[in-house]
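Dear colleague,

Please find below the structure that I am handing over to you. My notes on what was found in it follow directly after.

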Amino acid sequence: MTSTVTRRRFVKRTATGVGVAAVGTGLGAGIFAPPAATAAGESTGSTVFGPVTVASTDSRYADLRRGTNQRFEGNPESIRLVGSTSQVVAAVQSAVSAGKKIAVRSGGHCYEDFVANAAVKVVIDLSAMNAVGFDSGRNAFVIEAGAKLGQVYDRLFKGWGVTVPGGACPTVGAGGHIQGGGYGALSRRYGLISDHLYAVEVVVVDRTGTAKAVVATREAGDPNRDLWWAHTGGGGGNFGVVTRYWMRAPGATGSDPSKLLPKAPSEVWISTVNWPWAGLTKDGFGRLMKNYAQWHIDNSAPGSAQLSLFSELKPSHRAAGAISLTVQVEASAPGAEQMLDDFVAYVGAGTGVTAQVADHRKVPWLHATQWSGFTGPDPLFRFKGKPAYQRKNFTAAQLDAMYKHLTRTDYEYPAALMLISAYAGKVNEVGPADTAVAQRDSILKVQTAVLWTDAADDAKHLAWVREFFRDLYSETGGVPGLNGVTDGMFINYADADVKDPAWNASGTPWQQLYYKGNYAALQQAKAKWDPRNTFSHALSVELPS
């Protein structure tokens with residue numbers, strides 16, 4: 001758990017005839033059981049938390065004006081902390097009526113300044129809306145948008161022995177993660193977290209400026225189905241404020257909650273292996289990179305026996321001393337430990353450098369969700385990340401760019417790196433138009449990234465990561481092109497540079513790089529559900545012209 005449980009109890013509540021069992025933590029929250037209900041299915045009685053308004057004179061303002069990325073510090077007139085959907089509706093309505101620009105925060109892990117932006121006057125903070133439970137009426141699990149992934153995994157596992165295939169950083173909020181098509185250590189076996197989205201509740205603003213809560217499901221006959229579809233990879237800050245999600249695995253049947261989401265593993269093998277830069281030649285480095293990609297080419301079909309293995313290769317700048325590989329394998333998989341050992345041996349073959357094992361053990365799965373091998377950075381860092389999908393093995397030009405920028409002597413910095421994450425498997429079993437995530441045949445997720453603390457160093461670190469990314473994709477205009485090798489970019493790792501011709505000389509618009517052929521449908525959803533463009537940021541879906 002990422003926050004202290006101050007109170008826990010299981011209760012049944014009735015909301016439009018729907019029984020819900022749930023657990024809440026943090027800020028004194030338990031399970032709330034208000035008696036009445038709105039048309040959206042949300043109870044309207046007394047709630048455990050909120051609303052709270054924090055202005056610039058409040059001692060809490062310094063914390064709440066910013067998210068995890070310390071590069072960005074907002075200056076909103078107020079931050080509205082909310083505890084229920086009805087409070088969100090009221091906060092949105094108040095801001096719209098006053099003509100104030102709105103932004104929404106759940107976990108605060110946005111890569112860009114979409115929330116901490118000078119134009120934003122009202123921040124709606126969902127962090128107190130963190131309940132997770134089972135809705136017997138919709139026969140699906142409910143996750144409120146402010147729940148952190150660590151909380152989600154903890155509650156689903158302890159309550160029902162199930163999980164969702166979400167990200168590895170336990171402090172990321174469900175609110176933005178799910179709707180952006182989040183992935184993680186179980187995604188090769190089960191698909192994206194958004195592939196398990198059954199329904200979503202969204203506070204939208206209609207053409208008259210009226211805020212209201214709408215529930216949209218994946219049912220074929222649902223008139224709001226386009227709003228559900230837009231939240232299966234369309235990204236945050238586009239259509240309204242998501243207040244809660246309902247999750248059920250695709251094709252799951254029956255009413256037993258323990259069979260409606262993937263079973264969580266009991267135990268997993270975890271390992272960290274390092275290849276020292278000392279003695280690693282350019283050819284050896286290239287072999288390491290190509291080995292890693294080739295293994296995933298060979299072992300990432302939806303029916304592969306290797307889908308229980310997830311890994312992340314982290315080629316850091318030579319100043320860090322080593323290139324690191326972190327691996328997780330479900331212990332129940334046939335020959336799990338041998339699978340891990342064989343994988344490591346394959347990746348390191350022919351590099352001329354002996355791998356150094358820093359960690360190798362079998363641990364309970366829930367404990368592994370907090371393992372530092374995959375988790376995110378300290379929340380006091382400034383950072384910049386730039387994403388890509390990789391469909392085939394790395395080209396010679398890509399390998400040259402990697403080696404050049406990771407061994408630069410004019411920029412010696414240990415926290416400058418790439419993150420190359422395992423992908424594919426069941427993710428690629430879904431059609432590119434079935435959800436808003438169009439990239440459905442890639443094998444790897446790639447990032448170039450850098451983390452630092454001193455604002456005085458912004459220029460040099462930003463220059464490095466931007467130049468690296470430009471050179472890494474020099475064959476397609478400085479961005480990952482929509483071709484046989486790469487397949488555009490991942491919206492949860494938002495990178496506003498893609499709108500700048502100085503960094504995107506490809507001639508491919510940013511909208512296509514992120515959404516490919518799904519962008520037109522997202523625009524239609526935008527026109528229907530946010531016709532006034534109430535919700536917008538630097539990379540938001542635009543109204544059709």
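The largest cavity holds about 160 Å³ of space. This volume, like every value in this message, was computed from a predicted model. Lining the largest cavity are 16 residues, of which Y153, G167, A168, A185 and T369 are the closest to its centre. Across the whole structure, the search returned 7 cavities of 30 Å³ or more.

I turn next to the nonpolar cores. The largest of them has 131 residues, and within this core V92 and M289 touch the most other members. Which residues does V92 touch, if those up to four places away in sequence are not counted? The residues in question are I102, I124, V203, V205, A211, V241 and F535. Another core lies apart from the largest one; it has 14 residues, including L192, L419, Y423 and V437.

A search of the whole structure gives 27 aromatic pairs. One of these pairs joins W277 and F285: the ring centres are 5.5 Å apart and the planes meet at 15 degrees, so the pair counts as stacked. Are these two residues buried or exposed? W277 is buried, because its relative accessibility of 4% falls under the 20% cut-off. F285 is likewise buried, with a relative accessible area of 0%.

F490 and Y493 form an edge-to-face pair, with 4.8 Å from centre to centre and 80 degrees between the planes. F490 is buried at a relative accessible area of 4%, and Y493 counts as buried at 16% relative accessibility. Both residues belong to one aromatic cluster, which also contains Y111, Y183, F383, Y389 and Y423.

Finally, two arginine residues lie over aromatic rings. R138 is placed over the face of W246, 4.6 Å from the ring centre. R248 is placed over the face of Y198, at 4.1 Å from the centre of that ring.

With kind regards

Terms used:
Residues numbered from 1 in each chain as written. Predicted model: local features only at pLDDT ≥ 70, side-chain atom pairs only at ≥ 80, totals over all residues. Heavy atoms only, no water. Core = buried A, V, L, I, M, F, W, Y, C linked by side-chain atoms within 4.5 Å. Buried < 20%, exposed > 50% of the residue type's maximum accessible area, 1.4 Å probe, protein only. Contact = heavy atoms within 4.5 Å. Phe/Tyr/Trp six-rings, centres within 6.5 Å; stacked < 30°, edge-to-face > 60°. Lys NZ or Arg CZ within 6 Å of the ring centre and 35° of its normal. 1 Å grid on protein atoms, 1.4 Å probe; cavity = no way out; pocket = protein on both sides within 12 Å on 5 of 7 lines; lining within 4 Å. Points joined across faces, edges and corners; volume = space filled by probe spheres on them.
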